[in-house]
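Subject: A structure for you to explore

Hi there,

Here is the structure I promised to pass on. Please open it in your viewer and keep it beside you while you read.

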Amino acid sequence: MKFSISKLVGLLCLAAAPAVMAQACPEKNVLYWQAFPPGGESDLSARHQQVVLKKKCPAIDTIIQYKAGAGGGLMWGQMNNLPGDGLNVVGINLPHIVFQPLEGQVQYKTADITPVYWFHYTPDILVVPEQSPIKSFADFVKMAKASPGKLSLGGSGRNSANHAAHERLNAAFGIQTTYIPYKGTGDMSTAVLGAQVDGAMTYTPFAIANKGRVRPLAVAMDKRHPLMPDVPTFRELGVDWVDGAYRGIGMPKGTPPEARKKMSDLWAQLNKDPEMKELAAKSGFELVNVGVDKMDPFMQEKQKLYIESAKRLDLGKK
């Protein structure tokens, strides 16, 4: 009986595959801590990851926990109190973890946060309720200039990406609107959909999830979003604005480096999964892949950028 070397190699690879996956999967259930209430972008992305992780590692569960408050600062101020056992991961956000310590109203510093993987980015977008008399960005600017400070815009947290985008909007277009911070996008959505605020400076997933209930006016992207082809970019409106929020996972400082690397590699596999790519595209998430091997230069670049932005936007001044 003939048996080629290529067939033998193939069989050995198949036999080894379960062992490789077993090594990549956590040995016990993962506790995935969220710094914002259910219903927002962070929660939605965690649910996507929960589904794909279960498919890759059927023997374990991803248990999502919530500790919301202070625009995420409550959870981030306590994350180093969690066991560093390699099984506790915390959802983290940029620029939040840079802006908030500059303000000095939270119980942590940026250096206290240990990022492990940044998995996606959500562009800024300006929306108003569908029933709003504001039909376009031109209408919005006209109304804002006619009554300075009267228009209110909701956002997720104070000294967050939404807050920074709101201040940038005012400065870029010479208007004055009032920012109303909420614990998270989930809480903000109730106010926006109920027209308790005039609109929101939020992220693309919110506009996509609430199509027909909110009217997007402008988006901070290089080009128009494929799911919202009628919405102009801020660049089209004369402002070079391509920005938003990054979401990732961090782990307690006491977590050994090898455990951080293992979780980073696992999250990289989640982002490569076709189902994750499909879920992200449908929800308006732009996938990025920044693991522990690229973390230091990425964080240095972002901290420099956001510290400069904070000074320009007067964030952190009491």
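This is a predicted model: local features need pLDDT of at least 70, side-chain atom pairs count only at pLDDT 80 or more; totals for chains, interfaces and linings use all residues.

Let's begin with the empty space inside. Rolling a probe the size of a water molecule over the atoms shows where empty space is left. In this structure there are three cavities of 30 Å³ or more.

The largest cavity holds about 80 Å³ of space. Its lining is made up of 13 residues, and those nearest the centre are Phe36, Glu41, Ser42, Ser156 and Thr185. By class, the lining of the largest cavity has three nonpolar, eight polar and two charged residues.

The second largest cavity holds about 60 Å³. Among the residues that line the second largest cavity are Tyr32, Phe36, Ser42, Asn93, Phe119 and Arg247. Two or more residues of this lining come from each of strand S1 (30-34), H2, strand S3 (88-94) and strand S9 (244-250). Which element gives the most to the lining of the second largest cavity? That is S3, with three residues. The lining of the second largest cavity divides into five nonpolar, six polar and one charged.

Next, have a look at Gln100, which you will find in helix H4 (residues 96-103). Is Gln100 buried or exposed? Its relative accessible area is 2%, so Gln100 is buried, the cut-off being under 20%. Leaving aside neighbours within four places in sequence, Gln100 is in contact with several residues, including Ala70, Gly71, Gly72, Gly73 and Trp76. Its contacts also include Gln105, Val106, Tyr108, Arg158 and Asn159.

Last comes a pair of helices. Two packed helices are described by the angle between their axes and the distance between the axes. Helix H9 (residues 257-272) packs against helix H10 (residues 274-283) at an angle of about 70 degrees, and the two axes are 5 Å apart. That angle makes H9 roughly perpendicular to H10. On the H9 side, the residues that meet H10 are Leu270, Asn271 and Lys272, and on the H10 side they are Pro274, Met276 and Lys277. The residues of this contact comprise three nonpolar, one polar and two charged.

Enjoy exploring, and write back with any questions!

Best wishes

Technical notes. Residues are numbered from 1 along each chain as its sequence is written. Side-chain values use heavy atoms; hydrogens and water are left out. Axes are lines fitted to C-alpha atoms, for helices over the stretch in contact, and angles run from 0 to 180 degrees between N-to-C directions. Helices (H or I, at least four residues) and strands (E, at least two) are DSSP runs, numbered from the N terminus. Angles under 35 degrees count as roughly parallel, over 145 as roughly antiparallel, 65 to 115 as roughly perpendicular and the rest as oblique. Contact means heavy atoms within 4.5 Å. Ala, Val, Leu, Ile, Met, Phe, Trp, Tyr, Cys and Pro count as nonpolar, Asp, Glu, Lys and Arg as charged, and the others, Gly among them, as polar. Buried means under 20% relative accessible area, exposed over 50%, partly exposed in between (1.4 Å probe, protein chains only). On a 1 Å grid over the protein atoms alone, a cavity is a set of points where a 1.4 Å probe fits but cannot get out, and a pocket is an open set with protein on both sides within 12 Å along at least five of seven lines; lining residues have an atom within 4 Å of a point. Grid points are joined across faces, edges and corners, and a volume is the space filled by probe spheres set on the points.
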